[in-house]
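Trainee: I would like to go through a protein model with you. Could we take it one question at a time?

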Amino acid sequence: MAVSPAHLTFAFGLLGNVISFCVFLAPVPTFYRIYKKKSTEGFQSIPYVVALFSAMLWIYYAFLKSNTTFLITINSFGCFIETIYIAIFLFYATKKARVETVKLLVLLVACGFGLIVLLTHFLAKGSTRVHIVGWICLVFSLCVFIAPLCIVRQVIRTKSAEYMPLPLSAFLTLNAVAWFFYGLLLKDINIAIPNVLGFIFAILQMVLYKIYSKSNKEVDLEKQNKIPELADHIIIVEENKLSGVNEQIIDIAKLGHLEKIPVVLRTGNDEFEAAKDLNVQMVPPPIKV
């Protein structure tokens, strides 16, 4: 028995909603990390602001067309969850990042979306309005997929995938496939076309994550292997000479890349004991002072 196009459209629309729901929830570990560390660290707010703006546009577009219930449901949830993400980001961001985020919100959400609604409502009618809003949605959907490229640039520059969330890239790939077929079955190029590039960009992010996550592990291993080298930079201070040693002397006598030299206090019974306020490394050979 052949499956009708209507049933396929419903199936891909439902699948798109489920996957998009996961896409919207993918950054939750990122924002939990921000909450735990009380800092936004190297994360950026651009993808979340652009995603909020795009969701608002798609809701507007869906109300202008018929048979677009799936667009309304998922983008309503998108507006809700992206607002929460942005609120958390603003709360923990630095002053500079907070100002930049607010500027972007005013530019896109307040001014941008407001102008689009006003101009298309008063200057366009009927199917013309639908086509104009559809093309605007198409352009900014591409921006949603392109927005994470700012993170890609950071990954390439720092050679670290620490700030690239892999779950988001994986879900974006599946999401692009589902919505492409949904738009194709509806014969709506405004939905189908952006998801072609969305699929390509998502694959690119996953490839970069694979490359630079390996690089991170190699760097960590290299750091661990360097720990024994500290043995050559230990200073032993006799207990009766401790008063003559101060932080300034230790800072001046820098060795190699060390900012401060580990100091061990030698007690009367020749056992090593950590001085209270000094760095300690219990590995020979020592350098006597």
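Trainee: Which residues lie nearest the centre of the largest pocket?

Mentor: First, a caution: this model is predicted, so local features need pLDDT of at least 70 and side-chain atom pairs pLDDT 80 or more, while totals for chains, interfaces and linings use all residues. Residues are numbered from 1 along each chain, and side-chain values use heavy atoms, without hydrogens and water. A pocket is an open set of points on a 1 Å grid where a 1.4 Å probe fits, with protein on both sides within 12 Å along at least five of seven lines; lining residues have an atom within 4 Å of a point. Here 13 residues line the largest pocket, and nearest its centre are Gln-44, Ser-45, Phe-89, Ala-97 and Glu-100.

Trainee: Which helix gives the most to that lining?

Mentor: Helices are DSSP runs (H or I, at least four residues), numbered from the N terminus. One of them, spanning residues 95-123, supplies 5 lining residues. That top contributor is H5.

Trainee: Is Asn-17 buried or exposed?

Mentor: Asn-17 sits in helix H1, residues 5-25. Buried means under 20% relative accessible area, exposed over 50%, partly exposed in between (1.4 Å probe, protein chains only). Asn-17 has 11%, so the answer is buried.

Trainee: What does Asn-17 touch, leaving out residues up to four places away in sequence?

Mentor: Contact means heavy atoms within 4.5 Å. With those sequence neighbours left out, the partners of Asn-17 are Phe-70, Thr-73, Ile-74 and Trp-179.

Methods:
Helices (H or I, at least four residues) and strands (E, at least two) are DSSP runs, numbered from the N terminus.
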